[in-house]
Amino acid sequence: MIEISNLGVTFASGTPLEKHALKTIDLSIDSGRFISVIGSNGAGKSTLLGAIAGDVTCTRGKISIAERDITRLPAAKRARSIARVFQDPLAGSCTNLTIEENLAIAMARGARRDLTRALSEDWRGVFESRIKRLGLGLEKRMQDLMGQLSGGQRQAVSLIMATLAPCDILLLDEHTAALDPGMAEFVLELTKEVQRDLGLTTLMVTHSMSQALEAGDRTIMLHEGEIILDVDGQERQGLSVEALVSKFRDVRDGAIDSDALLL
Amino acid sequence: MSAIAFWGAVELGLIFAFVSLGVYLTFRILDFPDLTVDGSFPLGAAVAAVLIINGVNPWLATMAAFFAGGCAGLVTAFLNVRFGILHLLASILTMIALFSVNLRVMGRPNVALLMQDTVLTPFLKLGLHPTYMRPLFLLMLVLVALVLLALFLRSNFGLAMRAAGSNPRMARAQGVNVGFHIFTGVALSNALVGLGGALFAQINGFADVTTGVGTIVVGLAAVIVGETLLRGRFIWVALIGCIVGSILYRIAVQLALSADVIGLKASDLNLATAVLVALALILPKLRRGKTT
Amino acid sequence: MKNTLLKSLGAALLASTLAVGFAAAEKVKVSVTAIVEHPALDAARDGVKDALAEAGFKDGENLTFVYESAQGNPATAAQIARQFIGDAPNVIVPISTPSAQAVAAATSDIAIVFTAVTDPLGAQLVSDMEKPGANITGLSDMSPVGEHIALVREVLPELKTLGVIYNPGEANSVSLVNALKAEAEKAGVEVRESTAIKSSDVQQAARALVGKVDAVYVPTDNTIVSALEAAIAVGEQNALPIFSGDTDSVTRGTVASIGFNYYDIGKQTGAVVARILKGEKPGDIAVSIASGTDLVVNPSAAGRMGVELPEGLVSRANKVIE
């Protein structure tokens, strides 16, 4: 489904601040797989997701989706097949629009945005049933502004928004990191359910080692712009959080900073 | 304040409602502070006036002013989207250029329309006194603009535009071509302002290159007054707010002109407007500061 | 103390008898508006007020004098116009073109006396300068070209052909030259045009007139006036007297000019307002062009261009450039 070959991303190229965010990434992901991505700060996790989504311009290499080269395609054009949820609950929706207006924008993703009324009764029905399944009672607040919701509620709605319109790929960038533990658990369960139901090829960046092993069926670890671990199937099932942490420690020469302690 | 002065203020407020609706589009919906309006208002006036004195049908001339305003907006959007010039600076560049363009369009600093038929002429023959007919006629036009604009902003296209202004990253992730929507939004905004200019010229009998001075501040003041009075989550409430704000602004000006009322003079207008806009910008911040 | 009291009593008595003569004891109202506060326009306003006082209409006594400035904003001018119409004064005096147009668009009943409008026809304030009709008349501050021709003739009694240098791209100059031609025809003088579309063409334009005209007239044209020295040089080399439309240019070396100041325009306007207050109809009063009051002459420049200024002219001048 996703083929990434020899991908490199350099920021501020040719200046003293030059940074090789991604050095050489080769990654092949089959359709319907759920990959968790871990790594310390600055390892290149978000850059990798950004490169796939089109927010980040590739310095070299090639990205293709379903055998189509999308390396030079702008983000808005990739949105037809790629859905995303961001870490910041504010980033994935418009706070000054209502819940149903946000959903309508997501519903039209990939379709022609014409001058017909956005909130048709048909669509409203779809929105209500999807929001109702969250069990958060938001179906009664469809005309509330998005800004009135809590962070967790907003991430849950963002996840619904990501999957309202048909798509093949779901990119999750630490989408539970800003939530309290209870809400994070809720959103993660919802993520698994949605991924399974729709069979989406998913990449989930996470800080939490346990989350990385619990969700998904393949885990990759990034370090300084390179993939240093790629575990799958049997090997992954036998892996404990401790073993993962120690692998993490090895590559960092034993130096652990605060973010590595997040189990 | 006399009845004539009051209805005069309403009339002018309705003309400038086109400006406040335009400013609302850029300033609030697109988050794109756009000073182009100081040039597109007189541009609309100039285009309509020149076409009318050359015998073009006033309605066609008014439409042409609408499109001319739109083109001015496209230039600003082009400078910003294509070349990455800061929106404020891009709009200042267009505004300055428009001063020369307006002089070219008119061929002189002032084109008179006092003796020509305008869009208003047939309505003045209906018998109602001009003092009431003028605002009534404008109210009809403003209401049409309001309905069309509300429908537009609630369409799939309009929602995408609102998303592009409110959260460009989210909009892109949802497949919205943000640059394209900035183009359309800024163009539509200036087209509305150009339309306002065309109506101003026809109703007041002249187009003058200096007509644009301070248009942005007046539009902004109207938007802010409207927002302060009419709060709501629905787009049409905000649009009605712009219109009401524009009328109230003019009534406030009229009160200031009735020097004997509060001791204000026309020369205090600019200061009063600046204070009003500043207050309206500061007050919500103070309120928020208290609650959190 | 006693003296001043008597004086003011006397003044009041005089004023009231004057007022009784034409306006009964009723108080009249004159509303004045200008597009912007500007020394020239303010002077015009003061002129209106003083002329009214001279005619017996004193502010605060038998006259309410209202003044508003639109602060350079035509939208405010439109609002001031509505404000004035609502107040229904006896006469509205708009100063400058946009203010006059805003007032004219707002009323067809109340008397309007505009002033400091260069081209009342072009501004569509009136369709006939002689018989304006309707509720409107006023004063144009167009350069007094008729008086300028008379001035040239006073210096050169033999004047037959007058050259004019101007930029056809300046709308104001085109209307001035048209007015000049009309006045010249009345005076039996032939006008020869020579045009320059940029400052660097001025010298050539002046040379083109050498030998063909008796004198050259430079109107208030920005292009020509900015390169005036080039024309003056041609005049001095060929004994061709150069006259100008503005008095500042006389300092730079033209022979002479008649100009006006805005206080005088205001006074002339005020006199028209007074006539209306006394019962005349604005539509019956011809729109007049402000008459020149400042005569400036430059005898030495005249000498360099081969002419001698008549004694009477020099002694009459308000200012003689040495």
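Start by selecting chains A and B: their contact takes 29 residues from chain A and 20 residues from chain B. Two residues count as in contact if their C-beta atoms, placed from the backbone, lie within 7 Å. Keep in mind that this is a predicted model, where local features need pLDDT of at least 70 and side-chain atom pairs count only at pLDDT 80 or more, while totals for chains, interfaces and linings use all residues. For finding your way, residues are numbered from 1 along each chain as its sequence is written, and chains are lettered from A, with ligands numbered from 1, in the order in which they are written.

Next, pick helix H2 (75-78) and helix H3 (99-107) of chain A, which each give at least two residues to the side that touches chain B. Helices (H or I, at least four residues) and strands (E, at least two) are DSSP runs, numbered from the N terminus. H3(A) has the largest share of that side, four residues. Color the side of chain A that touches chain B by class and you get 15 nonpolar, seven polar and seven charged residues. Here Ala, Val, Leu, Ile, Met, Phe, Trp, Tyr, Cys and Pro are nonpolar, Asp, Glu, Lys and Arg are charged, and the others, Gly among them, are polar.

Now hop over to chains B and C, which have the most contacts among the two pairs of chains that touch. There, 30 residues of chain B meet 30 residues of chain C. On the chain B side, select the elements giving two or more residues, including strand E1 (110-112), strand E2 (206-208) and helix H11 (235-257). H1(B) brings the largest share, six residues.

Last stop: chains A and C don't touch, and their nearest C-alpha atoms are 34 Å apart.
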